[in-house]
Amino acid sequence: MEEKQSSSGGGGGSSHGQSRAVFGSGRGGREYNGVRMRKWGKWVAEIREPKKRSRIWLGTYKTAVAAARAHDVALFHLRGRSEKLNFPEDFVGRVSVEMSAEEIRRMATAVGAEVDAAELGRRRRRDVNEPPRCGGAEGGDEEGGGCGGSGRPDLNRLPD
C-alpha cells in the first residue's frame, strides 16, 4: 500500500524539505517530490514560491503521477532545470518562461488533470481486459465473478 514520508531538514517540528510520496510494491520504491497523500487516498501537490513564504496550490489528484507531473511543471517554471524534477525527461530541450504564480498554478493544474484522466483511462482499460482475480478455487470460473465472497447475486443472470 502507499504511505507518506516527509523529509524534513531536522528536528524542531518545522519541515524545510519537500514532502515525498513513497510507494510500496509495484512502484519499486519510487519517490515523488512535492506530493503527499491525504488520509482518504487523494494526492495533493503544492510548491513554495522562491524567496517567499507563500505556497502555490497545485491541486488534488486521484493519482500520485498526476500530482508529481503538476509539481514538475510548477518547479520547472519557477526554478528552471537546475532543480530535482520527478520526470526530467519531460523537460529536455524546453526553456522555462517567467510566469506569475497564478499562471503557473493554472498550467500545472491543467497538466495534472490531463495526466490523471490518462492514468485513470489506462487503469480502466487494463481492468476491463483482465478477468477478475480470485484467491481460492471456488468462484473463479463462475460467470459474474463470485470473487471475494461478496454474497451478492448476479442480477443479470437468470435463476437456474
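1. A polar contact is a pair of N or O atoms within 3.5 Å, one able to donate a hydrogen and the other to accept it. In this predicted model, the side chains of E46 and R36 are joined by such a contact at 3.3 Å. The side chain of E46 also makes a polar contact with that of R55, at 3.5 Å.

2. Where does E46 lie? E46 is part of strand 5. Strand 5 covers residues 43-48 and pairs with strand 6, residues 55-61, in the antiparallel sense over six bridges. In this pairing A45 stands opposite G59 of strand 6. Six residues lie between the two strands of the hairpin, where K51 takes a positive phi near 60°.

3. Side chains of opposite charge can pair when their charged atoms come close. E46 forms a salt bridge with R36, with the closest N and O atoms 3.3 Å apart. R36 lies in strand 4 (residues 35-37) and E46 in strand 5, so this pair ties together parts that are 10 residues apart in sequence. E46 also forms a salt bridge with R55, at 3.5 Å between the closest N and O atoms.

4. D90 lies in the loop between helix 1 (64-79) and helix 2 (101-129), and R69 lies in helix 1, 21 residues apart.

Terms used:
Residues are numbered from 1 along each chain as its sequence is written. This is a predicted model: local features need pLDDT of at least 70, side-chain atom pairs count only at pLDDT 80 or more; totals for chains, interfaces and linings use all residues. Side-chain values use heavy atoms; hydrogens and water are left out. Two strands pair if DSSP finds at least two bridges between them. Helices (H or I, at least four residues) and strands (E, at least two) are DSSP runs, numbered from the N terminus. A salt bridge is a side-chain nitrogen of Lys or Arg within 4 Å of a carboxyl oxygen of Asp or Glu.
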